[in-house]
Amino acid sequence: MHQRVLTGITTTGTLHLGNFVGAIRPAIAASREPGVDSFFFMADYHALIKCDDPDRIERSRLQIAATWLAAGLDTERVVFYRQSDIPEIPELCWLLTCVTSKGQMNRAHAYKASVDANNAAGEDPDAGVTMGLYCYPILMAADILMFNAHRVPVGKDQIQHIEMARDVATRFNHLFGRGEDFFVLPEAQVDETMELLPGLDGRKMSKSYDNVVPLFEGGEKALREAIARIVTDSKLPGEPKEPEGTPLVAIYDAFATAEERAAFRAALRGGLAWGEAKQQLFEQINRQIGPMRARYEALMAHPEEIEAILQKGAARARALAGPTLARLRQAVGLRPFQALATPATTQTKAKAALPVFKQYREADGQFYFKLSSHDGRVLLQSQGFAGGREAGEWVKRLKLEGAAALAGAPVALGEGVQADEVGQALTTLQQADS
Ligand code: TRP
């Protein structure tokens, strides 16, 4: 079977040379491998989580789409689309949301980072945290699971999200699969070299460090200017220079063959001026991305062409997503109405036939719990407790120890209920739990 590889880019800004070397170029190369079905998309719903400037959203998704196309993405081979053109994705997101535990989302790095920052600043822990940010990993799981991707090329910071997608998929399969697995469990594919391209100052190239070399924006001029700002030591022309470990050489390497790399190093050791080295670097990069930039500019002048390509991509994606979602709706019970296979009162699932504990608070301000049989009769009724925790402790004990805990428990039997029936109900619960 073909391996499905899927990745998305959040559309909040423009792309830089690091994105090209780390994500776009390898993704396009991988999409040409035989036996691989690739899915690339603009994560524009994710963008809304980070950005509330409509013009910026509009600009960024157009620019990023044009960038992928200009860089040589073959949209005949690759399914290329905007997340927001696929309504099946938010629908799946909701189905997944309903089986995702809140506790797991509490542990998501991005959310935790916001909480930590708030705590450090003495703010409310959730200040400025939207539900979009909180549920970000579930939307990402929907992106991946919608197309049953096997591999997801991402940066290190996204590994936890892929693990969460696996957890949610496992849970959904377990709850609704009945022996059939709906979802493939995706694997993160982290390419170490993806993280490596340094920026102008030697730290990882990143917008947040303001050390980026723009990819296409600003044209040749912006490329030349950025390269001029690469940090070097102050060795003079003619002095031998140590190439290893300099950002200039690392960036050069990303665009050069083995022979070119060796020659560049030799020239620097032989005294090549930094200014001249920067000129060579500019030419080296521009030779490769210049033709792409020309395509980029042509595409940006004809957004309707990009729109048409993306509409086609959306149609292909939806042809896959639609039937998958129909099966999932069926699985969770969102089905066209028909005569019920079993009478509404007798539930087929063993789980539904179990007795249940309920905890609640009454108007008197006290906390209570009760145990009801599967058909809704009250088997046990607790006394009132001042705190919810105490009521909870008793429920826990009764569940754990069963009938043995009944003797000292502050509970009364329901009307007309025999102790035997309660004992049995507790045993049933114990067994169902183990
Ligand atoms: N969260 C990813 C990022 O910020 C973007 C993204 C959204 C994504 N959905 C995805 C990546 C699905 C891979 C698969 O980089």
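How far apart do the C-alpha centres of domain 1 and domain 2 lie? In this predicted model, the distance between those two centres is 35 Å. Ten residues is the share of each partner: domain 1 brings 10 residues to the contact, and domain 2 brings 10 residues as well. Here is a quick tour of where the two domains meet.

**Domain layout**
- The protein is divided into three parts, and domain 1 is made of residues 3-198 together with 302-332.
- Domain 2 covers residues 216-291, and domain 3 covers residues 346-433.

**Buried area**
- Between domain 1 and domain 2, about 810 Å² is buried.
- Carbon and sulfur atoms account for 76% of that area.
- On the domain 1 side, Leu-17, Arg-25 and Pro-198 together provide 49% of the area buried against domain 2, more than any other three residues.

**Polar and charged links**
- You will find 0 salt bridges between domain 1 and domain 2.
- The count of residue pairs in polar contact across these domains, with both residues at pLDDT 80 or more, is 1.

**The face of domain 1 that touches domain 2**
- Two or more residues each come from α1 (17-31) and α3 (54-70).
- The biggest contributor to this side is α1, which gives 4 residues.
- By residue class, this side of domain 1 has 6 nonpolar, 3 polar and 1 charged.

Conventions: Residues are numbered from 1 along each chain as its sequence is written. This is a predicted model: local features need pLDDT of at least 70, side-chain atom pairs count only at pLDDT 80 or more; totals for chains, interfaces and linings use all residues. Side-chain values use heavy atoms; hydrogens and water are left out. Domain bounds come from an automatic or database domain assignment. Contact means heavy atoms within 4.5 Å. Buried area is the accessible area (1.4 Å probe) that two parts lose on being put together, summed over both. A salt bridge is a side-chain nitrogen of Lys or Arg within 4 Å of a carboxyl oxygen of Asp or Glu. A polar contact is a pair of N or O atoms within 3.5 Å; within protein, one must be able to donate a hydrogen and the other to accept it, and residues adjacent in sequence count only if both atoms are side-chain atoms. Ala, Val, Leu, Ile, Met, Phe, Trp, Tyr, Cys and Pro count as nonpolar, Asp, Glu, Lys and Arg as charged, and the others, Gly among them, as polar.
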